[in-house]
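Me: I have a model open and would like to talk through how it is put together. Can we start with the packing and then move on to the rings and the sheet?

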Amino acid sequence: IQPGQKGLDATLGYGGHTKEMLKCLQGQGHLYALDVDPIESVKTKERLEKAGYGEEILTIRQMNFADIDQIAAEAGPFDFVLADLGVSSMQIDNPERGFTYKKEGPLDLRLNPQKGVPAAERLKEVPEEELAGMLWENSDEPYAEEIAAVVMEKLRRGEAVETTTQLQKAIGEALAFLPEKEQKEAVQKSCQRTFQALRIDVNSEFEVLYAFMEKLPAALAPGGRVAILTFHSGEDRIVKKAFKELKKVGIYNEIATDVIRPSAEECSRNSRARSTKMRWAVRAEG
C-alpha cells in the first residue's frame with residue numbers, strides 16, 4: 001500500500017487491519033471501510049478518530065460488503081481491497097450476541113441484530129433433515145445427523161433451545177455415545193462447528209461472499225490488489241474458485257498459487273488466527 005492510494009476495508013470489525021492500512025497511506029489518499037454491525041462500527045469509528053484518523057482520510061459506512069458495487073460507484077475504483085471474513089473479537093467476546101458457546105447468552109448470532117431472525121428462531125423453522133444438511137455443508141460437522149436429531153427432539157417436546165448453553169447441552173447429549181475419554185474434545189469441536197454453521201446460515205454468509213466475489217473485479221482499479229482472509233474450507237473454496245476462473249479469462253493477471261497461513265509465532269500470539277487462510281489477486285491492467 002502506497003501513500004496517495006485509495007483503498008477499501010470491506011470488513012471493518014475492530015479496526016486492526018484498517019489502522020495498519022491507514023499507517024501505510026501516511027496521511028495521503030483515502031480509505032473506505034464497511035461493516036454491517038451497527039453496534040461495533042460506531043465504537044470502532046470512535047477508536048480510530050481518537051488515534052488521529054478522521055473523515056479526511058477515513059470514511060466508514062454501515063453496509064454489507066456484498067454491496068461493494070455501491071461503494072465502488074460512489075468512491076472507486078480502489079487500488080487495494082481487504083476482506084477478513086472472520087467474526088470480530090468484540091462480537092465473540094460479547095455474550096449478548098450469542099457467538100460463542102463458552103458464555104451464557106441468547107442464541108442470536110446475527111452480525112446485524114436489527115435484521116433477520118436470530119438462530120434460536122431459525123432452529124424452530126427448519127426441518128431436521130435441513131438442519132443436518134446445514135451443519136454438514138456449512139462446517140463439515142461429522143455428527144450433523146445426531147446433533148440435528150437431538151435438537152429437533154427437544155423442540156418437539158417443548159424444551160427451549162434459545163440460549164448458547166442450551167444448544168451446547170444438546171450437542172453434549174447428541175455425542176454421549178462416544179467413548180468418555182473422547183467426549184470432551186469432540187463436544188468442544190462440534191460446538192465450534194455448529195455455532196459456525198448457524199452463524200453462516202443466519203447471516204447468509206455464502207450468498208454474501210458469492211455476491212462480493214462477483215462484483216469485486218469491477219470495484220478494483222487496473223493493477224488493483226485484493227487480499228481475502230477466510231476461516232473455513234467452504235469460504236476458501238468460493239474464493240479460490242472465483243480467483244482461478246477469473247484469471248483464466250484474463251480479469252486477474254496474477255493470483256496466489258498457494259494459500260498463505262499464519263506462522264506458528266502469530267498463532268501463539270493470537271490463537272484465533274490458527275484457522276486463517278489468505279488468498280490474493282491482482283486486477284489485470286487492460
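Reply: The largest nonpolar core has 34 residues, and those with the most contacts inside it are Leu 8, Phe 78, Phe 212, Met 213, Leu 216, Ile 228 and Phe 243. A nonpolar core here is a set of buried Ala, Val, Leu, Ile, Met, Phe, Trp, Tyr and Cys residues joined through side-chain atoms within 4.5 Å, where buried means under 20% relative accessible area, exposed over 50% and partly exposed in between (1.4 Å probe, protein chains only). This is a predicted model, in which local features need pLDDT of at least 70 and side-chain atom pairs count only at pLDDT 80 or more, while totals for chains, interfaces and linings use all residues. Residues are numbered from 1 along each chain as its sequence is written, and side-chain values use heavy atoms, with hydrogens and water left out.

Me: OK, rings now. How many aromatic pairs does a search of the whole structure find?

Reply: Four, counting rings of Phe, Tyr and Trp (its six-membered ring) with centres within 6.5 Å, and calling planes under 30 degrees apart stacked, over 60 edge-to-face and the rest tilted. The rings of Phe 65 and Phe 212 are edge-to-face, because their planes stand at 75°, with the centres 4.8 Å apart.

Me: Where do Phe 65 and Phe 212 lie?

Reply: Phe 65 is in the loop between β3 (58–61) and α3, whereas Phe 212 belongs to helix α10, so the pair ties together parts that are 147 residues apart in sequence. Both Phe 65 and Phe 212 are buried.

Me: Switching to the sheet, what is the strand order?

Reply: The sheet is open, with seven strands in the order β3-β2-β1-β4-β5-β7-β6 and mixed pairing; strands pair if DSSP finds at least two bridges between them. The edge strands, each pairing on one side only, are β3 and β6.

Me: Are β4 and β5 parallel or antiparallel?

Reply: β4 and β5 pair in the parallel sense, over six bridges, and the bridge partner of Phe 80 in β5 is Arg 225.

Notes:
Helix = DSSP H or I, 4+ residues; strand = E, 2+ residues; numbered from the N terminus.
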